[in-house]
Amino acid sequence: MFTRRTATRVAAILGGAALLGAALAGCSSSGGSGGSTTISLLAGGNDPVNTQFANDLAKAFHKANPSITVKVETRPAGTDGDNLIKTRLSTGEMNDVFLYNSGSLFQALRPDSQLQPLTDEAWAKDLTSDFKKTVSTDKGLYGAPWGTTFDGGILYNKKVYEKLGLSVPTTWDEFISNSEKIKAAGIAPVIQSYGDTWTSQLLVLADFANVSAKDPNWATDYTANKSNAKYAKEPALAGFTHTQEIFDKGLMNKDFASLTNVNALKMLATGEGAQYPMLSAVIGNVVQSNPDQVDDIGYFAVPPDSGEPHATVWESNGAYIPKSTTGDKLTAAKKLVAFINSPTGCDLQNKVGTPGGPFATSACTLPSNAPALVKDMLKYQDDKKTGLALEFLSPIKGPNLEKILIQVGSGISTAQQGAALYDQDVKAQAQQLGIKGW
């Protein structure tokens, strides 16, 4: 199943330039003498974007705080990185500050016993309420954001919409009507790219803010295995139904089975295709492949069958301090975490990658040259029409959703069959995790 970790890798690959960075870097110092302090920072991965951000952060922080030196260490992505972090936390050998996921992967770190609380830090008041939920427990706040949020929804070609006299749809029926008009004009209405299997999931995953709007307790009931919170039932069934409908009505590109995400974005940028259920995080690829068309791409939330559309948000990653960091190192570590969302830290975040969405803190502002679709997303945030992706509200993620949705989106299975199959996938995963009530 698609996760924030997958998105982080996608954003890093698509948003980063070819950069050089050492595995161990930072400002050199013997540390600990003459009133100086040396702390270590574990980067958010070992890809170019994460490496550059950690190194630039260390250098800028040392310049602003000459008595504190930050040594940077990179780590592998994916499961290897998860296991390294969990091992270091459990053995008391974690770096003084580490950059990691928010949401369910954060919760798996047992934050109340293994992380330093940051509830009373001055920067906490600037955080969005959604981000606070993803780095908190009932006992406190444990993380500061780094990187932007991003949304799931429909990326669309604004020039195609303007040429055909279309308006952004607010209901699914309007979306289908727009798609049929686009098809009549000889343009692929809805781009699908099953050549990259993870992309099959967007009409389900990006619809979750609409599910939450209809039933605010759905995620809690889903985790507790209540009968009303199943994908084979409304309101969550809608994402499966919509995936089937665009296939049944012939509204997809003919090469949907083999098209890749990269080439799908080129189709969208050039107007060969008009609408693409996707994550805003991938806009960095358009910056590289079709820079002159970046601002031709807009964003709107997945339109629901009824009610107002809500944008589904994947939150920023977090910066954390382990319980093993104490004394002068803890003081220095808290300064570093605060620095990430200082004016200099915000500038560094804007410099390293292409923003894929709004920041999770009012302390940072988007650059004036942010892609147009980011401005579209800000409207949902300003109107308070957003909701968190399910992975930030529940630890249960069935691993086979992308395969199931390819079957539904290819006419092999019906929406009802696919949703029922995914409910079984979720059950198996919940039992494997030992979730109570399954």
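How are α2 and α16 oriented to each other? I began my notebook with this pair, after two notes on the model itself.

The model is a predicted one, in which local features need pLDDT of at least 70 and side-chain atom pairs count only at pLDDT 80 or more, while totals for chains, interfaces and linings use all residues. Residues are numbered from 1 along each chain as its sequence is written, and side-chain values use heavy atoms, with hydrogens and water left out.

**Entry on α2 and α16**

I looked up helix α2 (residues 48-64) and helix α16 (residues 343-352), and found that they pack at an angle of about 155°, with their axes 10 Å apart. Here helices (H or I, at least four residues) and strands (E, at least two) are DSSP runs numbered from the N terminus, and axes are lines fitted to C-alpha atoms, for helices over the stretch in contact, with angles from 0 to 180 degrees between N-to-C directions. Angles under 35 degrees count as roughly parallel, over 145 as roughly antiparallel, 65 to 115 as roughly perpendicular and the rest as oblique. α2 and α16 are therefore roughly antiparallel to each other. I noted V49, Q52, F53, D56, L57 and A60 on the α2 side, which meet T344, L348, Q349, K351 and V352 in α16, where contact means heavy atoms within 4.5 Å. By class, this contact of α2 with α16 has 6 nonpolar, 3 polar and 2 charged residues; Ala, Val, Leu, Ile, Met, Phe, Trp, Tyr, Cys and Pro count as nonpolar, Asp, Glu, Lys and Arg as charged, and the others, Gly among them, as polar.

**Entry on α18 and its neighbours**

Next I asked how many of the residues of α18 are buried. In α18 (residues 401-409), 7 of the 9 residues are buried, so this helix is largely enclosed by the rest of the structure. Buried means under 20% relative accessible area, exposed over 50%, and partly exposed in between (1.4 Å probe, protein chains only). I listed the buried residues of α18 as L401, E402, I404, L405, I406, V408 and G409, and what covers them includes α9 (202-205), α12 and α19 (415-433).

I then took two of these neighbours in turn. Helix α12 (residues 237-248) packs with α18 at an angle of about 40°, their axes being 8 Å apart, and α12 and α18 are therefore oblique to each other. In α12, F240, T243, Q244 and F247 meet L401, I404, L405, V408 and G409 of α18; the residues of this contact divide into 6 nonpolar, 3 polar and no charged.

The axes of α18 and α19 come within 9 Å and cross at roughly 170°, and these two helices are therefore roughly antiparallel to each other. L401, I404, Q407 and V408 of α18 make this contact with A415, G418, L421, Y422 and D425 of α19, and the residues of the contact divide into 6 nonpolar, 2 polar and 1 charged. After α18 I found G411, whose phi is positive, near 80°.

I checked who stands opposite whom: Y156 faces G298 in β11, N157 stands opposite I297 in β11, G152 stands opposite T312 in β12, and I154 stands opposite P277 in β10. I also noted that β8 is mostly covered, with 8 of its 8 residues buried.

In a regular strand the side chains alternate between the two faces of the sheet. In β11 (residues 297-300), I297 and Y299 point one way and G298 and F300 the other way, and all are buried.

**Entry on the loops**

Last, I looked at loop residues. In the loop between α11 (218-223) and α12 lies P235, which a cis peptide bond joins to E234, with omega about 10°. N225 has its place in the loop between α11 and α12; its phi is near 65°, a positive value in a residue other than glycine, and at 27% relative accessibility N225 counts as partly exposed. R110, in the loop between α4 (104-107) and α5 (111-114), has a positive phi of about 50° although it is not a glycine.

Key. Pairing = 2+ DSSP bridges.
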